[in-house]
Amino acid sequence: MSNFAYEDKERKNKVFANELNISKHQNKFFCPNINCNAALVFVNSSNNREAYFRAIPTKEHNKYCPYDHKNEPTFNNSKYIEETFNFNEVAKYIILGKGKSVKNRLETLPALYRMCLSKALDDSYNNFKIFKILFNKSSLKFFNNFSPCVIECTFLSYTNKGEKYRKNNKEYEVKLNQIKVKFPNNHIVTLYFKDETLYKSIRGIIYNYANIPFVILAYWKYKENSIYTYIERKNQFYFPKNL
Ligand SMILES: [Zn+2]
């Protein structure tokens with residue numbers, strides 16, 4: 001279920017369910033997820049604001065498509081006051097636990113992720129462009145090493161602190177627990193954990209997510225050819241539930 005879709009396979013002509021011209025009601029539309037082959041139809045409603053797009057049964061969303069409401073609940077816009085949102089403050093609040101909670105502000109990672117999915121990448125939420133908040137397969141062309149940023153990652157491997165490895169005939173020891181993940185553009189990224197308990201907890205969950213994207217919000221550091229971050233809190237992760 002999505003409140004917007006595209007008229008063309010290239011995802012250039014965006015249409016919103018609540019603005020759709022009545023003559024277009026019989027058309028088939030494309031899912032906002034560029035990796036999804038669903039054919040969407042417009043579902044009208046007596047209340048125009050509740051109109052949406054759903055996949056036809058013969059061309060359903062791909063297995064983990066976040067625009068399939070079975071995978072991801074839709075964003076409940078009425079719960080929040082958009083004007084209270086500032087992405088940098090909310091990111092700091094989620095990543096570092098710094099700053100105060102603001103009444104009716106969108107300030108959790110699942111809500112932030114769902115809000116981004118409810119909009120097109122070049123839309124905004126309180127003047128913050130969605131493509132600067134969320135990086136996924138559909139936003140490859142926009143991405144410019146944004147930090148902080150919400151990124152759909154996939155799990156690659158983990159290395160425990162104290163493990164030995166050899167490089168140039170010398171032996172080294174891993175100093176911090178680390179998990180390697182892959183960005184939507186296939187860049188390999190290292191997550192460093194200072195907290196052992198947090199590391200073990202995340203490692204236990206992430207292990208079940210082979211090839212299934214999950215979401216991380218972090219201050220990403222881009223240094224020469226490597227990308228890394230220090231993970232501070234569990235709130236930085238969001239694992240879609242329906243495996
Ligand atoms: Zn889809």
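The largest nonpolar core of this predicted model holds 55 residues, and those touching the most other members are Cys31, Leu40, Leu112, Tyr113, Cys116, Val150 and Leu217. By a nonpolar core I mean a set of buried Ala, Val, Leu, Ile, Met, Phe, Trp, Tyr and Cys residues joined through C-beta atoms within 7 Å, and a residue is buried if 20 or more other C-beta atoms, placed from the backbone, lie within 10 Å of its own. Helix H2, residues 109–117, gives the most to this core, with six residues; helices (H or I, at least four residues) and strands (E, at least two) are DSSP runs, numbered from the N terminus. The core also draws at least three residues from each of domain 1 (4–55) and domain 2 (77–238), with bounds that come from an automatic or database domain assignment.

Residues here are numbered from 1 along each chain as its sequence is written. Local features need pLDDT of at least 70 and side-chain atom pairs count only at pLDDT 80 or more, whereas totals for chains, interfaces and linings use all residues.

Which residues does valine 150 touch, leaving aside those up to four places away in sequence? They are Leu112, Tyr113, Cys116, Ile133, Leu134, Val215 and Leu217, where contact means C-beta atoms, placed from the backbone, within 7 Å.

Turning to helix H1, residues 87–96, we find Val90, Ala91, Ile94 and Ile95 buried. Seen down the axis of H1, these buried residues fall within an arc of 120 degrees, so they line one face of the helix, the arc being that of the directions from the helix axis to the C-beta atoms. The buried residues of H1 pack against H2 and strand E14 (214–218).

Notes. Buried ≥ 20, exposed ≤ 12 C-beta atoms within 10 Å, placed from the backbone. Contact = placed C-beta atoms within 7 Å.
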